[in-house]
Amino acid sequence: MDLVAWSGVPTLWQRTFELAWQTFQEGSNPIGALIADASGTVVATGKSAVRAPVSGVKLAHCEIAHAEVNALMQLDNRLHSKRQSAQYTLYSTLEPCPLCMSALYMSDVKSLSFAATDSFAGSVNLLGTTPYLQRKQRRVDGPVPGLGEISIFLNVYYNVLHRESANAIHDAFAEDYPEAVAAALSLAQQDVLKLRENQPVDTAFDKVVEVLRKPDA
């Protein structure tokens, strides 16, 4: 695995994973998203709030309260013109699902970058599959080597801690990230990330890197 310590993670990805970690600490699925302009300035952020009313989001406690949706909802078109939004990029720690791909298409944001492949619900394969979608070209970059493993580890870890029935999801994740899934399933019961101690994101991130580099640690 091409893992990198927190200090080597690009700034925008650090911010995206920070949002995912905050979401995790607040009790919801650890998925973070942000929107940045061409200069790298963050113009909107989003967290998954399906399972808990996390801070800084408009939509929570429903099945469409996804991180990407919460980020895109912040783009008030009175403040962000079509021309501006066309230069923006949506970043997400996990490949967007059908809902979030549709939300991206309906927005004026034309670029997407995601950290981890989601072989269960990921839907970048929807690109250009209908005449309408062919009219609205979107640029996609992902997954990101070294970051995808961290994202998948956190999501499986969350499911175990919260006793979510997610065997089918974990099996799908394991197609692309077998080591990350196995490590999370093994270590979540011990809570090696010590969520109750409110660790900062850099400490938690580097801990995941450590356990993935040494699965038997």
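The following questions and answers concern the predicted model shown above.

Me: On what basis are residues numbered, and which confidence limits apply?
Reply: Residues count from 1 along each chain as its sequence is written, and side-chain values use heavy atoms, with hydrogens and water left out. As this is a predicted model, totals for chains, interfaces and linings use all residues, side-chain atom pairs count only at pLDDT 80 or more, and local features need pLDDT of at least 70.

Me: How many helices and strands does the protein chain have, and in which order do the elements run?
Reply: Helices (H or I, at least four residues) and strands (E, at least two) are DSSP runs, numbered from the N terminus. The protein chain has 9 helices and 5 strands. From the N terminus, the order is α-β-β-α-α-β-α-β-α-β-α-α-α-α.

Me: What radius of gyration does the protein chain have?
Reply: The radius is taken over C-alpha atoms, and the globule rule is 2.2 Å times the number of residues to the power 0.38. For 217 residues a compact globule would have a value near 17 Å, and the protein chain agrees with this, at 17 Å.

Me: What share of the residues in the protein chain is buried?
Reply: Buried denotes under 20% relative accessible area and exposed over 50%, with partly exposed in between (1.4 Å probe, protein chains only). Of the 217 residues in the protein chain, the buried ones make up 52%.

Me: Is Thr16 buried or exposed, and which residues is it in contact with beyond its neighbours within four places in sequence?
Reply: Thr16 is placed in helix α1, residues 11–25. Its relative accessible area is 0%, so Thr16 is buried. Contact means heavy atoms within 4.5 Å. Leaving aside neighbours within four places in sequence, the contacts of Thr16 are Gly32, Ala33, Leu34, Tyr91, Ser92 and Thr93.

Me: What kind of aromatic pair do Trp13 and Phe17 form?
Reply: Rings of Phe, Tyr and Trp (its six-membered ring) pair if their centres lie within 6.5 Å; planes under 30 degrees apart count as stacked, over 60 as edge-to-face and the rest as tilted. The structure holds 8 aromatic pairs. In the pair of Trp13 and Phe17, the centres are 6.4 Å apart and the planes stand at 55 degrees, and the pair is tilted.

Me: Where do Trp13 and Phe17 lie, and which residues form the aromatic cluster?
Reply: Both Trp13 and Phe17 lie in helix α1, 4 residues apart, about one turn of the helix. Trp13 and Phe17 are both buried. The cluster is formed by Trp6, Trp13, Phe17, Tyr91 and Phe205.

Me: Which two residues does a cis peptide bond join?
Reply: Pro143 lies in the loop between β5 (139–141) and α6 (148–161). With omega at about 0 degrees, the cis bond joins Gly142 and Pro143.

Me: What is the phi of His61?
Reply: His61 is located in the loop between β2 (42–47) and α2 (67–72). With a relative accessible area of 55%, His61 is exposed. Although His61 is not a glycine, its phi is positive, at about 55 degrees.

Me: Which residues does Met106 touch, not counting residues up to four places away in sequence?
Reply: Met106 belongs to helix α4, residues 98–106. Met106 counts as exposed because its relative accessibility is 57%. Not counting residues up to four places away in sequence, Met106 touches Tyr132 and Lys136.
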